[in-house]
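Please read the report below alongside the sequence and the model. It moves from the sheets to the aromatic rings and then to the nonpolar cores.

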Amino acid sequence: MPTRCSHFTRRVLRAAAILAVALAAGAGPACAADLLHTVKTRGTLRIALEGTYPPFNFRDSKTGQLTGYDVDVAQIVCARLGVKPEFVTTEWSAILADLGAGKVDAIISQVGITPRREGMFDFSRPYTYSTPQLIVRKDDVGNYRSLADLKGRRVGVGQGSVYEQQARAVPGIDVKSYPSAAEDLQDLAFGRIDAALNDSLMVGYLLKTSALPLRAGARVGEVTRMGIALRKGSPQLRAAIDRTLDDARADGSLTAASVKWFGGDASRAP
């Protein structure tokens, strides 16, 4: 006669087998509801951005409110999703980790789409296209046409940015990373570093609005695609965000936001 324990064991094994099949089919507890449902129910999309990266996302000096191209894009996306944006300012060095830990739902802060990042996160369709560009002091007579020309020099970059990766890939460059663009540009102006590497769109805005004695240097890389970063496992949210971007591109809303901040359309591939 089978013992009570053997009956129990069989029941446990049978339940485990059923659970394994359910998980493989995507029906088990390990496959939580798509984040789109959570966002819609909550009524907000929690969005991480730096808040110190003009003209993409920064605080208006008069109102203290967040503004910039990324903020406009976030508002466009949220309005079409039928939710409100809930902005969370985070230093760049921690922004991807916060997304992975579930502290935010998305990052809309000029996150470059790279193969390495695509292995860890999902991305929307690109909403910005730009190129890496050097920034130098106005009185610098050096002829830096590429990163290789900066060997033996000090170059400022954003912590954890694609620009940091590019600079560190060139032997001989003394790379100094900063938590915000404002800090490396300040150090550049005071001669603590010899050049900065950043987004060409940011450089153009800087030259129009900053009193710092800086000028645009050479463009030193290929076109970079920027997208909205999401945790993996929510294809419905990703598809919904892609639809909002497609619609905003089709009706001219993305172009208008880009022209407002950059004077041209950076939302389409060159």
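Two strands are said to pair if DSSP finds at least two bridges between them, and the strands themselves (E, at least two residues), like the helices (H or I, at least four residues), are DSSP runs numbered from the N terminus. This is a predicted model, in which local features need pLDDT of at least 70 and side-chain atom pairs count only at pLDDT 80 or more, while totals for chains, interfaces and linings use all residues. Residues are numbered from 1 along each chain as its sequence is written, and side-chain values use heavy atoms, with hydrogens and water left out.

**The protein as a whole**

The protein holds 10 helices and 14 strands. Of its 270 residues, 47% count as buried, where buried means under 20% relative accessible area, exposed means over 50%, and partly exposed lies in between (1.4 Å probe, protein chains only). The accessible surface comes to about 13300 Å², and 55% of this belongs to carbon and sulfur atoms; such areas come from the Shrake-Rupley method with a 1.4 Å probe, and for residues only the protein chains shown count as cover. If one takes the contacts (heavy atoms within 4.5 Å) between residues at least 6 apart in sequence, 68% of them join residues at least 24 apart.

**Strand 1 and its partners**

Strand 1, made of residues 44-49, is mostly covered, with 5 of its 6 residues buried. It runs parallel to strand 5 (residues 84-89), to which 6 bridges join it, and it also pairs in the parallel sense with strand 6 (residues 106-112), over 2 bridges. Ala48 takes part in both pairings: its bridge partner in strand 5 is Val88, and in strand 6 Ala48 stands opposite Ile107.

Strand 3 and strand 4 are joined in the antiparallel sense over 2 bridges, and Arg59 has Leu66 as its bridge partner in strand 4. Thr67 also lies in strand 4 (residues 66-67), and Thr67 counts as buried because its relative accessibility is 17%. Apart from residues up to four places away in sequence, Thr67 touches Phe56, Asn57, Phe58, Asp60 and Trp261.

Another open sheet consists of 5 strands in the order 11-10-12-9-13, and its pairing is mixed. Strand 11 (174-178) and strand 13 (214-219) stand at the edges with a single partner strand each, so one side of each is left without a neighbour in the sheet. Within this sheet, strand 9 (residues 132-137) and strand 12 (residues 195-199) run antiparallel and are joined by 4 bridges, and Pro132 stands opposite Asp199 in strand 12.

**Aromatic rings**

Rings of Phe, Tyr and Trp (its six-membered ring) pair if their centres lie within 6.5 Å, and planes under 30 degrees apart count as stacked, over 60 as edge-to-face and the rest as tilted. By this rule the count comes to 7 aromatic pairs, two of which are set out here.

| Pair | Centre distance | Angle between planes | Kind |
|---|---|---|---|
| Phe58 and Tyr205 | 6.1 Å | 50° | tilted |
| Tyr205 and Trp261 | 6.4 Å | 55° | tilted |

Phe58 in strand 3 (residues 57-59) and Tyr205 in helix 8 (residues 200-209) are 147 residues apart, and their pair thus links distant parts of the chain. Since Tyr205 lies in helix 8 and Trp261 in helix 10 (residues 253-262), the other pair ties together parts that are 56 residues apart in sequence. Phe58 counts as buried at 14% relative accessibility, Tyr205 is buried at 18%, and Trp261 is buried at 14%. Elsewhere, Tyr53, Phe56, Tyr69, Tyr127 and Phe262 form one aromatic cluster.

**Nonpolar cores**

A nonpolar core is a set of buried Ala, Val, Leu, Ile, Met, Phe, Trp, Tyr and Cys residues joined through side-chain atoms within 4.5 Å. The largest one has 63 residues, of which Tyr69, Ile135, Leu197 and Ile228 touch the most other members. Helix 3 (residues 69-81) gives the largest share of this core, 7 residues. Leaving aside neighbours within four places in sequence, Leu197 is in contact with several residues, including Pro132, Leu134, Leu147, Val155, Tyr163 and Val220. A second, separate core of 12 residues includes Ala48, Leu96, Phe121 and Ala229.
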